[in-house]
Amino acid sequence: MPYIENKIAEGEHQRQDFKYAINDSRKIAITLCAFANTDGGTLLIGVKDNGTVIGVKPDEEIHMVEAAARVYCRPQVEFKTELWKSDNRYVLEVVVPASNDMPHFMIDAEGNYKAFIRQADQNLPANAVQLEVWRGEETTRPQKYFHTEKEKRIFNALQSNQNLSLSQLVRNTQIPRNIMVKLLARFIRWDLIQMQYINDQSQFKLK
């Protein structure tokens with residue numbers, strides 16, 4: 001089976017998305033940022049969600065992708081394109097590598113900066129903890145690390161109830177939300193806690 005048919009047969013997943021056409025560069029900027037902020041990925045333009053190839057006008061679509069990456073993403077998102085033919089129709093492949101310059105934000109119509117991540121086949125807004133993880137530079141757990149009283153409360157809560165949301169942890173531990181965000185981000189950077197998305201909601205558990 002030719003390369004592009006193989007790619008389409010994979011369907012949409014963590015590292016692949018389909019778009020039948022680009023009507024709004026800002027919407028594509030969300031996907032580009034989500035790929036760049038996560039594991040990288042491939043956007044196939046001219047393909048419906050069910051895998052049906054409807055084709056594109058390459059020059060128009062490439063222009064829209066360039067606008068998305070250069071105008072509506074900050075920092076700009078790097079990408080490369082390849083044009084393929086399937087059933088006498090053109091499919092534009094846009095490949096986005098995982099970035100070393102995270103986080104990337106898309107600029108919405110009101111001028112607000114919003115970050116996204118890729119989870120399964122969805123682009124989800126980055127939550128406060130993820131933003132704090134990106135913001136922090138400390139990734140190595142100190143050799144002489146001792147739990148504070150607040151940190152012990154978090155670990156006790158997670159030992160008793162795996163997969164707690166941020167709101168549940170705040171409620172269970174009585175730790176203010178802003179402090180909880182910083183502590184969870186620190187534990188994620190130290191590889192002590194894992195953040196995962198369940199039904200589009202971020203939840204935390206011990207590793």
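1. Asparagine 163 counts as partly exposed because its relative accessibility is 27%, on a scale where buried means under 20% relative accessible area, exposed over 50% and partly exposed in between (1.4 Å probe, protein chains only). Asparagine 163 lies in the loop between H5 and strand S9 (164-165), where helices (H or I, at least four residues) and strands (E, at least two) are DSSP runs, numbered from the N terminus. The phi of asparagine 163 is near 60°, a positive value in a residue other than glycine.

2. A word on the basis of this note: the model is predicted, so that local features need pLDDT of at least 70 and side-chain atom pairs count only at pLDDT 80 or more, while totals for chains, interfaces and linings use all residues. Residues are numbered from 1 along each chain as its sequence is written, and side-chain values use heavy atoms, with hydrogens and water left out.

3. Glutamine 203 lies in strand S11 and counts as buried at 12% relative accessibility. The side chain of glutamine 203 is joined to that of glutamine 201 by a polar contact of 3.2 Å. The term polar contact denotes a pair of N or O atoms within 3.5 Å; within protein, one must be able to donate a hydrogen and the other to accept it, and residues adjacent in sequence count only if both atoms are side-chain atoms.

4. Turning to charged pairs, the count comes to eight salt bridges, a salt bridge being a side-chain nitrogen of Lys or Arg within 4 Å of a carboxyl oxygen of Asp or Glu. One of them joins the side chains of aspartate 191 and lysine 207, at 2.6 Å from N to O. This pair links distant parts of the chain, since aspartate 191 is in the loop between H7 and strand S10 (193-198) and lysine 207 in the segment after strand S11 (201-206), 16 residues apart. Aspartate 191 is partly exposed, with a relative accessible area of 48%, whereas lysine 207 counts as exposed at 58%. The backbone of aspartate 191 also deserves a look, as its phi is near 65°, a positive value in a residue other than glycine.

5. A second salt bridge brings together the side chains of arginine 186 and glutamate 151, at 3.1 Å from N to O. Arginine 186 belongs to helix H7 (residues 177-189) and glutamate 151 to helix H5 (residues 149-160), so the pair ties together parts that are 35 residues apart in sequence. Glutamate 151 is buried, with a relative accessible area of 2%, while arginine 186 counts as partly exposed at 27%.

6. Glutamate 132 counts as buried at 12% relative accessibility, but arginine 135 is exposed, with a relative accessible area of 57%.

7. Which residues form the buried part of helix H1 (residues 3-10)? They are Ile4, Lys7 and Ile8, and because they cover an arc of only 95° around the axis, they are on the same side of H1; the arc is that of the directions from the helix axis to the C-beta atoms. What covers these buried residues includes strand S1 (16-19), strand S2 (41-45), strand S4 (80-86) and strand S5 (89-96). H1 is followed by glycine 11, whose phi is positive, near 75°.

8. The search of the whole structure finds zero disulfides, a disulfide being a pair of cysteine sulfur atoms within 2.5 Å. Cysteine 33 is buried at a relative accessible area of 0%, and cysteine 73 counts as buried at 0% relative accessibility.

9. The bond from arginine 74 to proline 75 is cis, with omega near -10°, and proline 75 lies in the loop between strand S3 (73-74) and S4. A cis peptide bond also joins methionine 102 and proline 103, with omega about 5°, proline 103 having its place in the loop between S5 and strand S6 (105-107).

How values were computed:
Contact = heavy atoms within 4.5 Å.
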